[in-house]
Every structure is written in C-alpha cells, then in structure tokens.
Amino acid sequence: MMAEAALLELDRLSTHYVSAQGTRVVRAVDEVSLRVHAGETLGIVGESGSGKSTLALTLLRVLPPAARIVSGRMMFEGEDLVTKTDEEMESIRGKRMAMVLQDPMASLNPLFTIGNQVAEPLRVHEGTPKAKAWERARELLKAVRIPSPEARVRQYPHEMSGGMRQRIVGAIGISCEPRLLIADEPTTSLDLTIQAQYLNLLRDLQKQHNLALIFITHNLGIVAKMCDQLAVMYAGRLVEFGPVSRIFNAPAHPYTRALLSSIPRMTEADQRLTAIEGQPPDLSSLPPGCSFAARCPQAMPQCREAAPPVFEPEAGRTARCWLADPYATAAAPRAVVGAA
Amino acid sequence: MSIPADVLRLPSRALRLPSLKKLRLGSFPIIPATILVAIALIALFANQLAPHNPEVGSLTARFKPPFWLKGGTYQYLLGTDQLGRDVLSRLIFGARVSMVVGITAVAVAGVIGTFLGILSGYLGGWVDQVIMRLTDTWLALPALTFAIFLSAIVGPSMWNIVIILGITYWTRYARVIRGEVLSLREREFVRLAIVAGCSKWTIMRRHILPNVINSAIVIGTLMIGVVIITEATLSFLGVGVPPPQPAWGLMLSDGKQGLMVGYWWLTVFPGLCIMLMVLSANLLGDWLRVKLDPQLRQL
C-alpha cells in the first residue's frame with residue numbers, strides 16, 4: 001500500500017480566517033499533513049471548531065471569502081490543487097472529488113425532480129445529452145438501492161423519506177465516478193437504523209469504485225466500523241494520524257486517549273462519563289506551547305514553552321506530542337505515564 | 001412490471017400537475033379575474049368591438065351625452081367628446097394601451113429587477129454594493145418626476161412609456177429578490193451545487209432563479225396597478241401616450257374642462273375603467289401572494 005503514490009497528499013496545509021481589518025487571524029487549519037490512498041477510508045475526528053469542516057472546504061476550495069489557504073500543498077492525483085484556478089477547480093469538483101454535505105435532508109432543490117438533480121453533475125461535467133443522463137440517473141438510483149427507480153426519477157424531493165433523500169444525495173456524489181468522496185458528518189441527521197444502512201451502502205460503493213473516502217465525524221463508533229486511517233484534529237492542528245486499529249489500541253497523543261475514554265461503555269454503567277476538562281483554546285490567540293497543554297493530564301513544563309513538532313512514533317503514524325519524541329530523555333515522559 | 005405495492009399507492013404524475021384543484025379555488029377572486037379577462041379580450045378584439053373609429057369624430061356631434069340622458073342617441077352609447085369622437089370606442093381602444101403598457105412595463109421592470117437582484121444577492125461583495133447603492137439612489141428619486149423627466153427627453157410614444165416605466169420601477173423587484181437570494185444562497189442545495197462543480201452562472205440560472213420567480217410574479221401583479229396609474233398620470237400630464245391615440249389617462253385630461261360645465265361622462269367613464277382595472281389587478285395580486293407564499297404553499 002505504501003508503494004503506490006497517495007491519491008491525496010496534504011503537506012503542511014494551513015487555512016486561516018482573516019478578519020476584515022486583518023487584525024484577527026484564526027488558524028482554523030494549521031500545518032496539516034496527511035495522506036489518503038485510493039480505496040482507503042480516512043476518518044477525521046475532533047471537537048466542534050477543531051477545523052474538520054474547514055479542512056473539507058479547503059480540499060474542494062469552496063472556502064468562505066474570509067478564509068485563505070496561506071501555505072502548504074494539496075497534491076491530488078499528482079496535481080497541486082492550491083495552485084489551480086477557480087475554473088479548473090470547477091471541473092474537478094463533483095467530477096474527480098465529490099462531497100456529501102452535513103445535512104443531506106436539505107441538500108435537494110425542492111423545485112426539481114430527483115432525476116433532474118441526479119443527472120445535473122453529468123450534464124455539467126460531461127455534457128451528457130439529457131436522455132442519456134436520465135438513463136444514468138436511473139442506474140444510479142438503483143445503485144443506491146432506491147426501489148423502482150423508474151418511478152422515483154420523476155418525483156420531487158418532498159415525496160421521499162429522509163433515508164431516501166440521503167441515498168439520493170449519495171447518488172449525486174458518485175454520479176461522475178469521483179476518485180475521492182468527502183462526507184461531512186453525513187449521518188448526524190439520521191436515526192440509527194438508517195445510519196447503519198447508509199454506512200453499509202457507502203462501503204459497498206467504495207469497494208465497487210475503488211473510491212477513497214474521507215469521513216468527517218465526531219462519532220468514534222463510526223470511525224471504528226468504517227475507517228482504515230484516523231486523523232485526530234485539535235485546535236486546527238492534526239495531533240495524531242495513523243491506522244485506526246493501532247491508534248485505538250495505543251493512542252500516542254493524550255487528547256486521543258481522552259477522546260477514546262470519553263466514549264460511554266455498557267460495561268462500566270456505574271461510572272460517571274469521563275469528560276475532558278476545560279475548553280479548547282481560542283484559535284485566534286493560541287498559547288505559545290502545545291495547544292492542548294492546558295487540558296492535558298500529562299503536561300510537562302516543556303509543553304507550555306514550545307509547540308511539539310510532528311513526531312513519527314512508528315512507521316505510518318504521526319503525533320504532535322512531546323511524549324512521542326523518540327529522542328526525549330527516557331525518564332521524563334515515562335515517569336508521567338507511570339503517574340497517570 | 002414488478003413494482004412493489006407501496007409504490008403503486010403513490011400519487012400518479014397526472015395528479016401532481018398544478019391543477020386548478022391543487023390551487024384550491026375556494027378563495028379565488030372570481031370577479032377581479034373576470035374583469036381583467038374581459039378587459040384583455042376587449043383590448044384584443046378592439047377592432048371588431050368598437051362601433052366607431054376612436055380617432056376620428058364628427059364635429060356636428062360634439063358633447064353628446066350617454067344614451068339614457070336627454071339628447072343622447074343609441075348611436076353613441078356613452079356619448080361623444082369635444083371633437084365628436086365616440087367615448088365608448090375610445091374606451092375600448094384605450095384598454096389596449098393600458099393592457100399593453102401595464103403588462104410589458106411590469107415585465108421590463110421585472111426582468112431588469114430580477115436580474116440585478118439575483119446578481120446582487122448571489123455575487124455579493126462590490127457587485128452587491130454597486131447595485132444596492134444604485135437602487136437606493138433610484139428609490140430616493142421621486143418616481144413620477146423621474147418618469148416625466150425621461151419622457152421629456154425621449155419624447156412621447158407608447159413604447160417609450162413602456163421603457164420609461166420599466167426603468168423607473170425595477171428597484172422594487174431588485175430589493176425583494178436580493179433579500180430572497182441572500183437566504184437561498186445559504187441553503188444546502190445551493191451548497192451541494194457548489195461542491196458538485198456547478199459554475200456561478202449555472203447555479204444562478206438553475207437553482208436561484210426558479211426559486212425566486214414566484215416572488216417576481218407576485219410583485220408583478222401588484223405592480224400592474226401602480227404602472228397603469230402612472231401611465232394614466234403621464235398621459236394626463238401630456239407626456240404620455242400622444243394624442244390622438246386613445247388612452248384612459250389622456251381621456252381624463254381632455255375631459256377635465258368639460259367637467260366644469262356638466263360633461264361628466266368624459267371623465268367618469270375612463271376614471272371608472274382605470275379604477276376597475278387597478279383594483280382587479282391588486283386583488284388578484286393579493287390572492288397570488290397568499291397562494292404562492294412558501295409558508296402557506298404545500299411543498
């Protein structure tokens with residue numbers, strides 16, 4: 001897997017929001033580096049405001065006017081998306097890289113039929129003639145398991161149930177057979193049984209099309225079920241990145257550990273839920289050291305002085321934490337771990 | 001065909017067409033609609049309906065009263081004016097002017113206003129600033145004075161009036177449409193279109209325009225009354241439709257001296273026509289506004 005080139009490779013990518021006067025800079029995404037291979041699923045988790053959604057918007061270059069990509073590179077199929085013009089991005093969006101939005105229930109235009117909307121990306125990107133695009137729309141509806149697609153293409157969004165609309169939005173996402181599908185909290189507005197159906201559907205589609213998936217969520221259960229790789233974001237920074245199973249077994253960053261231990265468990269029903277004390281820092285005035293230091297149970301003096309660089313505790317994993325520093329004096333971090 | 005049973009129970013295509021039943025005719029304003037349709041038909045068939053040539057009179061038959069008064073004849077049902085022209089024929093042809101000016105001027109204003117409103121609301125930034133400051137300036141101008149000023153420049157003719165009224169009244173559309181676009185722009189389906197790679201123009205044409213067209217139609221019906229009044233006012237002031245073309249406003253203007261000496265039919269009949277048409281248009285507009293309101297509409 002490591003041998004082939006990554007489909008998407010972010011290299012120290014930073015996106016900042018700048019206020020109108022230029023006096024306040026919010027570092028929403030700060031020096032994020034990660035890789036996604038074809039056919040792989042990457043989960044991005046983090047608290048609200050940790051920069052997950054901004055990262056997704058940055059990938060598609062659909063940022064609000066106040067946001068700037070200030071540095072870094074986004075290599076997608078060998079091309080740097082940061083340097084693309086807006087017109088070039090329009091032909092990439094929806095065609096080679098698609099996205100499913102946070103609220104798919106509201107993602108359909110109430111005035112057009114389902115067929116019309118599923119066929120739209122095909123007509124925009126490939127200039128497919130109308131009849132052929134509708135034929136393809138019917139196939140896509142079948143692919144996302146909508147019963148009797150022949151009848152459904154001529155209906156309007158308000159005639160569909162929530163789960164169906166969700167799957168239709170998924171069909172729009174894959175209509176041009178993209179290489180990468182970004183799903184920004186795609187299941188938060190669904191109930192649990194439909195969530196499971198939809199996740200299975202996404203996985204099947206992924207297998208059929210060798211699709212790379214980026215899953216933005218704060219549901220670690222979904223990550224465990226769906227993802228191969230996990231990226232944990234905190235205060236705009238990627239604090240830990242690596243294969244899901246290894247991170248779940250041995251998290252390298254105290255924040256990841258805290259996130260994992262805050263999952264409610266059936267077996268410990270008599271215990272109180274574990275919460276992470278304190279609040280995430282203000283992204284416009286980050287502390288000089290590690291941004292998690294103030295809430296970290298294992299913080300050391302050096303954490304408050306200097307922000308940790310990206311360490312590689314083992315091959316294919318990165319962590320932004322002094323505890324992961326392989327050259328650190330063995331005594332200091334071990335002692336902290338032992339105490340905790 | 002192996003369609004599952006639950007699908008068979010869905011409403012069929014034919015039922016979903018916006019049939020009259022769907023619009024629920026209960027509150028349909030039948031009388032105003034009838035009046036408007038009648039005026040439209042009269043305007044359309046003016047040549048066949050009018051008993052006399054509206055622009056040529058006979059000076060031997062000046063100031064004849066309507067037929068039911070002493071001195072009136074059945075030849076001139078609603079009397080004649082100072083040049084002996086048949087008032088009824090002039091009213092019939094005047095309907096044509098009012099209809100054409102009313103509808104086309106509203107359409108011209110609607111196209112300009114909707115276009116600028118969508119641009120302003122969707123593109124935002126300096127485009128929005130320029131268009132909205134222009135609109136503010138336009139709204140600060142007294143509309144009637146501005147229209148008089150324009151028609152003094154381009155000269156009187158029916159089509160000039162249409163253009164003048166169009167560029168006087170587009171601001172109302174631009175304001176309302178911009179507001180709607182601002183909220184539409186944040187809707188998920190517009191964001192989905194953006195991430196699906198649609199260009200700004202595609203989004204404005206395919207996703208924004210169809211969603212604001214209802215509002216434009218409602219403003220349009222409410223504007224018809226305003227536009228017809230303004231046309232009549234301009235004609236009354238002598239800068240509208242040039243004589244001898246029959247326009248209701250012009251007839252009011254011509255008849256105003258006669259009012260003092262008892263020739264009331266020269267002003268009352270065109271006045272009634274204007275009032276009926278404007279009132280009908282407004283009532284129909286009010287009904288449409290309620291019917292097309294997204295909050296009340298079943299979607």
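Trainee: Which residues does A:C176 touch, not counting residues up to four places away in sequence?
Mentor: Bear in mind that this is a predicted model. A:C176 has its place in the loop between α6 (162–174) and β7 (180–184) of chain A. Not counting residues up to four places away in sequence, A:C176 touches A:G94, A:K95, A:P121, A:L122, A:H125 and A:E126.

Trainee: Is A:C176 buried or exposed?
Mentor: A residue counts as buried if 20 or more other C-beta atoms lie within 10 Å of its own. For A:C176 there are 21 other C-beta atoms within 10 Å, and therefore this residue is buried.

Trainee: Which strands stand at the edges of the open sheet in chain A?
Mentor: The open sheet has seven strands in the order β6-β7-β8-β3-β9-β10-β11 (chain A), and the pairing is mixed. A strand with a single partner has one side left without a neighbour in the sheet, and so the strands at the edges are β6 (97–100) and β11 (318–319) of chain A.

Trainee: What is the bridge partner of A:F241 in β11(A)?
Mentor: Strand β10 (residues 237–243) of chain A is joined to β11(A) by two bridges, and these strands run antiparallel. Within β11(A), the residue bridged to A:F241 is A:T318.

Trainee: What angle does the direction of α6(A) make with that of β6(A)?
Mentor: The helix α6(A) packs on the sheet, where it touches β6 and β7 of chain A. Taken against the direction of β6(A), that of α6(A) makes an angle of about 170°.

Trainee: Turning to chain B, where does α10(B) bend?
Mentor: A straight helix of 37 residues would span 54 Å at 1.5 Å a residue, whereas α10(B) spans only 46 Å between its end C-alpha atoms. The helix bends by about 50°, with a proline, B:P210, following within four residues, and the place of the bend is B:L209.

Trainee: Which element gives the largest share of the side of chain B that touches chain A?
Mentor: In the contact between the chains, 21 residues of chain B meet 27 residues of chain A. On the side of chain B that touches chain A, α9 (188–195) and α10 (200–236) of chain B each supply at least two residues. The largest share, six residues, comes from α9(B).

Key: Residues are numbered from 1 along each chain as its sequence is written. Chains are lettered from A and ligands numbered from 1 in the order in which they are written. This is a predicted model: local features need pLDDT of at least 70, side-chain atom pairs count only at pLDDT 80 or more; totals for chains, interfaces and linings use all residues. Two residues are in contact if their C-beta atoms, placed from the backbone, lie within 7 Å. A residue is buried if 20 or more other C-beta atoms lie within 10 Å of its own, exposed if 12 or fewer, and partly exposed in between; C-beta atoms are placed from the backbone. The expected span of a helix is 1.5 Å times one less than its number of residues. The bend at a residue is the angle between axes fitted to the seven residues ending there and the seven starting there. Two strands pair if DSSP finds at least two bridges between them. Axes are lines fitted to C-alpha atoms, for helices over the stretch in contact, and angles run from 0 to 180 degrees between N-to-C directions.
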